[in-house]
Structures are given as C-alpha cells and as structure tokens.
Amino acid sequence: MTALDRPASRWFMVAAWVAANVWLSSQSTVPVPGVPGIDKGLHAIEYAILAFLLARAIFPRLRRLPAARRWAIVVIGCFLYGIFDEAHQAFVPNRSCDPLDVVADASGALLLALALLALRRQPWLGRVGVD
C-alpha cells in the first residue's frame, strides 16, 4: 500500500479539493473564458473529479454494497455539496446562486459514475481504487 492508498490520504485529497472549491467560490470574480456555456462544462469537470476522489475515499467502507448503489451515494453526495456551494455563492459579492450550475455539477458526477460503472470489469480500474 502506497501513501496515497491510505484512507487518511484519500480523505485528505477530498478535503483539499473541497477546500480549493470553497476558496474559489468565495472569490468575488473568477476568470472564465468568454465562451458561452464553458462555465457549465467546467462545473461538470470539477464535480467529476470530486466524485472520483470521493469514491476512492468511501468505496473501501462500502464493499458489501453493489457498485451501482455505491456510485449513487457518491453522486447524491456531490449533488448535495453542489447545492451547498451554490447557496454559499449567493452570499459572495458579485456572485449568484445558479440552479443550472447544480445541474452541471450533478451531471459531471453522474457521467463519471456511469462511465466507470460501464468499465468496472476493466482490471486497471481496481488499481485506481474505484472498482
């Protein structure tokens, strides 16, 4: 077991990602390319990464549950965190609470979950800790 495979390391990575997200959400202005809709894509990517990190942290404890149920827990957790994140932004100057951002957040987590569920028989998936 490498240092990155230890439970504390896995949870540290989740906490670090969430802390970076909270910091970014607390900024009054965030530089985003001027391409329409790009922010939704960035939200989806951000929450796909969160889903991956969260799955790595909680899956060892949920081995008895079917894979689909484990991923459902991860996606629901990401969705709830997305609601919290948007509600938090409502209190940040020059920011707003956008329900479509929550949809993009949940979509990113869900797409990752569906992709990895479809690939769950691949041997390399176990090596990254989300089998």
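This briefing describes the fold, the overall dimensions and the largest pocket of one protein chain. The structure is a predicted model. The protein chain contains 5 helices and 0 strands, and its largest pocket has a volume of about 400 Å³.

**Fold and contacts**

- Read from the N terminus, the elements of the protein chain follow the order α-α-α-α-α.
- Among contacts between residues at least 6 apart in sequence, 72% connect residues at least 24 apart.

**Dimensions and surface**

- The C-alpha trace of the protein chain spans about 45 × 30 × 25 Å along its principal axes.
- Of the 131 residues in the protein chain, 34% count as buried.
- The accessible surface of the protein chain comes to about 7900 Å², and carbon and sulfur atoms account for 71% of that surface.

**The largest pocket**

- The largest pocket has a volume of about 400 Å³, and 18 residues line it.
- Of these lining residues, V30, V32, D39, H43 and R95 are the closest to the centre of the pocket.
- The elements that each supply two or more residues to the lining are helix 1 (7-25), helix 2 (38-58) and helix 3 (67-89).
- Helix 2 gives the most to this lining, with 5 residues.
- By residue type, the lining of the largest pocket divides into 6 nonpolar, 6 polar and 6 charged residues.

Technical notes. Residues numbered from 1 in each chain as written. Predicted model: local features only at pLDDT ≥ 70, side-chain atom pairs only at ≥ 80, totals over all residues. Heavy atoms only, no water. 1 Å grid on protein atoms, 1.4 Å probe; cavity = no way out; pocket = protein on both sides within 12 Å on 5 of 7 lines; lining within 4 Å. Points joined across faces, edges and corners; volume = space filled by probe spheres on them. Helix = DSSP H or I, 4+ residues; strand = E, 2+ residues; numbered from the N terminus. Nonpolar A, V, L, I, M, F, W, Y, C, P; charged D, E, K, R; others polar. Buried < 20%, exposed > 50% of the residue type's maximum accessible area, 1.4 Å probe, protein only. Contact = heavy atoms within 4.5 Å. Areas by Shrake-Rupley, 256 points an atom, 1.4 Å probe, with all protein chains shown as cover.
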